[in-house]
Amino acid sequence: LLGRAEIAFDRGDYRAAEELASRYLRHVPTQNRTDRASGLDLLVRALSGLAEWDRAKTALAELSDIATLVATIPLRGAASFAEGYVALAEGRFDAARKHLEDAVDLFVQSGAPFVNRLCHRCSRGLRGLPFIVCTIR
């Protein structure tokens, strides 16, 4: 389901991405935190694309809680990236910059593939975001 959701997101079909990510999350128990994180990450991006801020922030809160509990650098980076993505979509550019810089720093600590993945995600999402994120690293 998540693979199909990512493809829908790549095509700009945020509604299909949201529906598939939500469906995935319905099948993953809340105690399976790391499995939920990838679905929540995609759900936050899809809901931001749909400008459904309340739902995006609810998904973001769960992702942030997971990142705090699991406390791995990649999950903390994913939560920071999602926070920056929402902030940028809402036009809160200073907050977006802070969270995206933190995400880049955390992904750098995790290794180069995470930074490349971040820039790839940015290029598929909000317009102008690839330039902002990839220039701050």
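Helices (H or I, at least four residues) and strands (E, at least two) are DSSP runs, numbered from the N terminus.

**Ground rules.** I am reading a predicted model, where local features need pLDDT of at least 70, side-chain atom pairs count only at pLDDT 80 or more, and totals for chains, interfaces and linings use all residues. Residues are numbered from 1 along each chain as its sequence is written, and side-chain values use heavy atoms, with hydrogens and water left out.

**Whole chain.** I counted 8 helices and 0 strands in the protein chain. I looked up how much of the chain is buried (under 20% relative accessible area; exposed is over 50%, partly exposed in between; 1.4 Å probe, protein chains only). The figure is 45% of the 137 residues.

**Ser48.** Is Ser48 buried or exposed? Ser48 has 4% relative accessibility and therefore counts as buried. I then listed its contacts (heavy atoms within 4.5 Å). Leaving out residues up to four places away in sequence, Ser48 touches Trp53, Ala56, Tyr85, Val86 and Ala89.

**Helix 3 and helix 4.** I took axes as lines fitted to C-alpha atoms, for helices over the stretch in contact, with angles from 0 to 180 degrees between N-to-C directions. The axes of helix 3 and helix 4 come within 9 Å and cross at roughly 150°. Angles under 35 degrees count as roughly parallel, over 145 as roughly antiparallel, 65 to 115 as roughly perpendicular and the rest as oblique. Helix 3 and helix 4 are therefore roughly antiparallel.

**Helix 3 and helix 5.** Helix 3 packs against helix 5 at an angle of about 10°, with the axes 9 Å apart. This pair is therefore roughly parallel. On the helix 3 side I noted Val44, Arg45 and Ser48, among others, and on the helix 5 side residues including Phe81, Tyr85 and Ala89.

**Core.** Of its 34 residues, Phe9, Leu40, Leu42, Leu43, Val44, Leu63 and Phe81 touch the most other members. Helix 1 (2-10), helix 2 (14-27), helix 3 (33-49), helix 4 (53-70), helix 5 (73-89) and helix 6 (93-110) each supply at least two residues of this core. Which residues does Leu42 touch, not counting those up to four places away in sequence? I found Leu2, Ala5, Glu6, Phe9 and Ala21.

Note on methods:
A nonpolar core is a set of buried Ala, Val, Leu, Ile, Met, Phe, Trp, Tyr and Cys residues joined through side-chain atoms within 4.5 Å.
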